[in-house]
Structure formats: structure tokens, C-alpha cells
Amino acid sequence: MSENGRSKTIQLPASITIRDLAQAMQSSPIEIIKNLMLNGVMANINQQIDFDTAAVVASEMGFEAILDVPDQVHEEEDGEIPLWRRIIANEPAEQLAPRSPVVTILGHVDHGKTTLLDAIRHTDVAGGEAGGITQHIGAYQVEHNGRLITFLDTPGHAAFTAMRARGAQGADIVILVVAADDGVMPQTKEAAAHARAAHVPIIVAMNKIDKPNADADRVKQQLAEIGLIPDEWDGDTIIVPISAKQRRGLEDLLEAINLVGDNMQIIANPRGQVIGTVIEAERDRAKGVLATLLVQNGTLEVGDVVVAGTCYGRLRAMFDYRGRKIRKAGPSTPVAVMGLSDVPSAGDPFQIVDTERDAKLLVEERNLAHQQAAAAPKAAITLEQLFDRFQAGEVRELRLIIKADVQGSLEPIINSLNDLNKGDIKVRVLLSETGNIGENDVMLASASKAIVVGFNVQADSAARRLAEAEGVSIRIYDIIYRLMEDVEKALKGMLEPEEKETVIGHAEVRAVFRISKVGNIAGCRVLDGEIRRGARMRVIRRGEVLHESNVHSLKHLQDDVREVKAGYECGISVKGFEDYQPGDSLECYTVEKVAVE
């Protein structure tokens, strides 16, 4: 209770974790868990509770809860906002101030990303030569017309996606580099899809405009075909012709960044809660752990106790992008820091706490949460679950990544999906292209909470392993109307369970016996697994499936049995088939109904 006897007011979002609620009330998570238990609610420290539940707990602990409706930021379309954006949304409006835009550069390999980064870096003549640890800082700042712009020197859209998958989304603006002589390539499409899925505005840098075979109009047409319509064609994408090698057009590009930044309301509170993102980190033999941090709110100072992911430590030294020692860093400032206990992962959010003891407790909680998450298999999000999340107000769209065998298949699929955009849930195709499903497709789906849909294509083994680890659903079809039917049913919440096949054993036909009134019986040896009466059976000869039906009868010696395991001999009769030959392979399998992914 406050000194005047009234409850203190506290703003809470629509849902909040126990840990965040404890921080908001400056209380112990244990106290909140005890309070919930008294109210019949069992919860762990990382569990989300809704506003009503949080309000009851707050009331019993002397607070009056008010539902916070952020008006400083636009909510992401999938209902999720990066933590640093949520922090800024709750800062006092009078303390918010403009900050420098943070820019990352994406694009196809060999289209000039590295050359452009180097050219931009050297436009800052006053910066002098890069020295000291600057080579490893992974970010730098450039001044243009008296205003700073922060560039993240990341190795491409894989790093950008990894950051998004951890909820970081460090960049405000994406520069998409496209070579004027080469045009839009597969990686260009992927990079654009990653940026759009992150709801980050895109500026196209049309590089190599000095080449004799450069064709700007063709590139603009290709960009328009992937949804990046040039502003000169009444679209909303700024396209800047440049030559990174000849350093032409760089001023125009920097001006375009400031122009887009001015329209975005890029703000932060320099006096607020300190939070940001790990850009990169390494262990240096001489300096120990060296991490590059991007401050996104508040002001980071030497001596602060920082927690980044499951690493922590008191900052012993800070360096700016030129390698100069500094004492403090405000919003949008990249800094290299020394003092962390271990090497954090790129994309990990960081925050400061009061003491190293608090940091250690927080890291222990996170390690425990990671162990619990690792012990539980990561189930893929199904179409049905997405519909349930929509009904709960958690998602507003069904995100798909479409891969098809040929361009002629893609067009009718995309057109048909667009026709479905009439109900409450919208279908949003993040990426559509030809070719098999690979790891990049799964990375995009993981970061964007999308489902990968293939038509007449395969998913390679690496992509399937990654999908299983990341909980990404991959669905493959060979009939367009079945694909459309499943998506439409998912949108209506009517998705039927599908049949899942599980192979349980194989047998080889060694001899064929004729039994009167019964017919031919295959004398077999079970090679692996088991053969089960009543299960399904596939008769295979020289790689070709001759027949599929149920196991009609199964005998071991003279006895009817329910199953025969590997290493034993048996007599098998498959319903509707008698043309067995020695050497035939019999594949036994079961079919069960499962929820559609």
C-alpha cells in the first residue's frame, strides 16, 4: 500500500509471465506463485497468465492493475512484440526521444553486400582508420547531415533470422541489395520474405548500376513481381541506384534511410530501463569474453551488471565502434563490452540488474527453464492449432511458405490462396518459389511461425531434422485441390484428422504353399520388426508395389497367432492376393488418424 493508504497503480499487458509480473511489482516470483496457489492456480516462473489473473494477484499484494494498451508501437500481425518494443511502449511519454535508425543489409550472395558495407563505412571520413577491436564489433555508425545511422555488419539473412527467432528483431530498416546486371535471385526473394515477415521496411539498393549490361527496368519489374513495387510506379518501395565499387549513390541511400526513419517514429527513453540485443560475441585470449551489444532503450554504463541470455557479469570496459573506450552508451548505440562470464548467442536480449547475486539467480532460472524445454519435445504447430490461436486472439493470419516443382504450379496455388482472403483469418504467403524444401525455408518458418507447404517437391533430410528441432510443420501435396481444401478447412476450423502410416515390419517370401479351400499361402521369414494380423500389408516385387490389403491370416507352425517377430518363420495370407513368388518382399504397416499439421 502507498503512504496515503491507497493502492499503487501498475500497468500490465493482456498477458504476462510470473517473472515479469514480479519485476513489475518489485516482488519475488516465489511470493506470486504462492499467491496463485492459494487461489487454486498452479504456475511456474515462465508461465503466462492473463490480465484478470494478474490483476487479482496484484490487488492482494497492494497494487491496482490497469490494462496497458500500447499506443507507441504497432503490434506485430502475429500478436507478438519484441521485448524491447514492449519496454519502450511502457515508458513515460514525456521521456521518449528520437533515436538513430538501426539498419541491416541483406541480399543475394555476390550482389555486393560486403562492398556496400565497406563503402558506407568509409563515407565517415572523420572516423579514421578502423583499429583495435573494431574489426570484430559487428556494427558501426555513420553520420549523414548531422544525424547518426547505425549499421549492423551481420553476415546476411541467416543471422537476421536467428535474431528474429529469439524475439530480438534488432533492425528498424532493411537494405535489400540487388545487382542491376543479375536481377532478383532466390536469396533475394528469401531476404525480402524475412524482412516482410519481421514487418521491417525495405529500401532496395540497386547495385552495379555502372555495369554495361545493367537493366534497371527489368530489375524493377522483377521486384514488383515479389511485392516490392517501386515508389515511382505508385508503390511504397524506395529503389536507390548505386555503385558500391565506384561509391556512387551512397549519399542518396543514406538520405533514403533518414527519410524512411522519419516516417517510423523511432524512439526510446535514454533514462529508462536498459535493454538491448547481443549482435555477436567471441572469446578473446587476451581480453576474455568480448560481446557486441546494441542498446535499444536506456543508457548502458561501465560497472552495470548485465544478464545476456544465460550469461552475466559486471562490465569492466566498453568500446565504441572505432575502438575508443567509453563510459556510457545510449539507445541505438553499438558497443563492445568486456566482463561477461561466458559467450552469449547472437540475438539474445540483454538487460541490467542491480547485483551480481540477482544476475546469478536470473541465469539459474533461465537454465532451469531451458532444461525443461529441452526435455519436452518441440511439437510442430498444426493448422488446427493455428485456428485455435486465432480464436483466442493470438494470431490474425495463416502464414505459409510455398515451394513447388515448377513456376506453372506456383501461380495457380498463389491465385487460389489469394481467393481465400475473405474471412477473418488472412492467408499470407511469406515466400513462394520453385525447388525442394531446404533449411532456409524452415528457418524462415521458425522465425515467422509459419507452415511450409510443398507441391510435388521433397524436403531434404537436413530440413526435416531442423523442422523437428524447431517445431515447424512441413506438409507436402501432389494434388492442388487437396492443398487448397486443407487450407480452407483450417481457416474454417473444420480440419479433419489425416491418416498416418507407420511401417512395423518386413518379411521375405521363401516358399509358396497351396491349401485347399484357402488358396496360396506365403511361407515367410520375418526380417525386422513384426508382422501383425489385421494390419495392412504391401506386396513388393523388384521395387514395384503389386498389391496392398490387410493381413488375412497369420500362422506360426500350425497355430493361428496375432503377431510374429523378427527371426521367426510364418505363413501369411494377404486378402485379395495369391500370386506370391519366392523373393517377394512383404511390408507390414499400420494406419492411424492423427491431427492434421
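Okay, let's start with the open sheet: four strands, in the order S24-S23-S25-S26, with parallel pairing. Strands here are DSSP runs of E with at least two residues, helices are runs of H or I with at least four, and both are numbered from the N terminus. Two strands pair if DSSP finds at least two bridges between them. At the edges sit S24 (426-434) and S26 (474-477), each pairing on one side only.

Quick caveat: this is a predicted model, so local features need pLDDT of at least 70 and side-chain atom pairs count only at pLDDT 80 or more, while totals for chains, interfaces and linings use all residues. Residues are numbered from 1 along each chain as its sequence is written, and side-chain values use heavy atoms, with hydrogens and water left out.

Back to the sheet. On average, neighbouring strands are turned by 25 degrees against each other, direction ignored. Angles run from 0 to 180 degrees between N-to-C directions, and axes are lines fitted to C-alpha atoms, for helices over the stretch in contact. S25 (residues 451-455) runs parallel to S26, and four bridges join them; Val453, for one, has Arg475 in S26 as its bridge partner.

Which strands does helix H7 touch? H7 (residues 186-197) packs on the sheet against S23 (397-404) and S24, and its direction makes about 160 degrees with that of S24. Contact means heavy atoms within 4.5 Å. Helix H12 (residues 407-419) lies across S23, S24 and S25, at about 175 degrees to S24.

Next, the largest nonpolar core. By that I mean a set of buried Ala, Val, Leu, Ile, Met, Phe, Trp, Tyr and Cys residues joined through side-chain atoms within 4.5 Å. Buried is under 20% relative accessible area, exposed is over 50%, and partly exposed is in between, with a 1.4 Å probe and protein chains only. This core has 26 residues, and Leu116, Ile120, Phe151, Ile175, Ile203 and Ile257 touch the most other members. Helix H9 (250-262) is among the elements that supply at least two residues each, and the largest share, six residues, comes from H9. Leaving out residues up to four places away in sequence, Ile257 touches Pro101, Val103, Ile149, Phe151, Ile173, Ile175 and Ile203. Apart from this core lies another, of 21 residues, including Cys524 and Leu586.

Now the rings. There are two aromatic pairs. Rings of Phe, Tyr and Trp (its six-membered ring) pair if their centres lie within 6.5 Å; planes under 30 degrees apart are stacked, over 60 edge-to-face, and the rest tilted. Tyr140 and Phe151 are stacked, because their centres are 5.8 Å apart and their planes at 25 degrees. Tyr140 sits in strand S7 (residues 139-144) and Phe151 in S8 (residues 147-152), so the pair ties together parts eleven residues apart in sequence. Tyr140 is buried at 1%, and Phe151 is buried at 0%. Phe577 and Tyr580 have centres 5.2 Å apart and planes at 75 degrees, so that pair is edge-to-face.

Gln26 has phi near 50 degrees, in the loop between helix H1 (18-24) and helix H2 (29-38). Buried or exposed? Gln26 is exposed, at 76%. Asn456 has a phi of about 55 degrees, lies in the loop between S25 and helix H14 (461-470), and is partly exposed at 39%.
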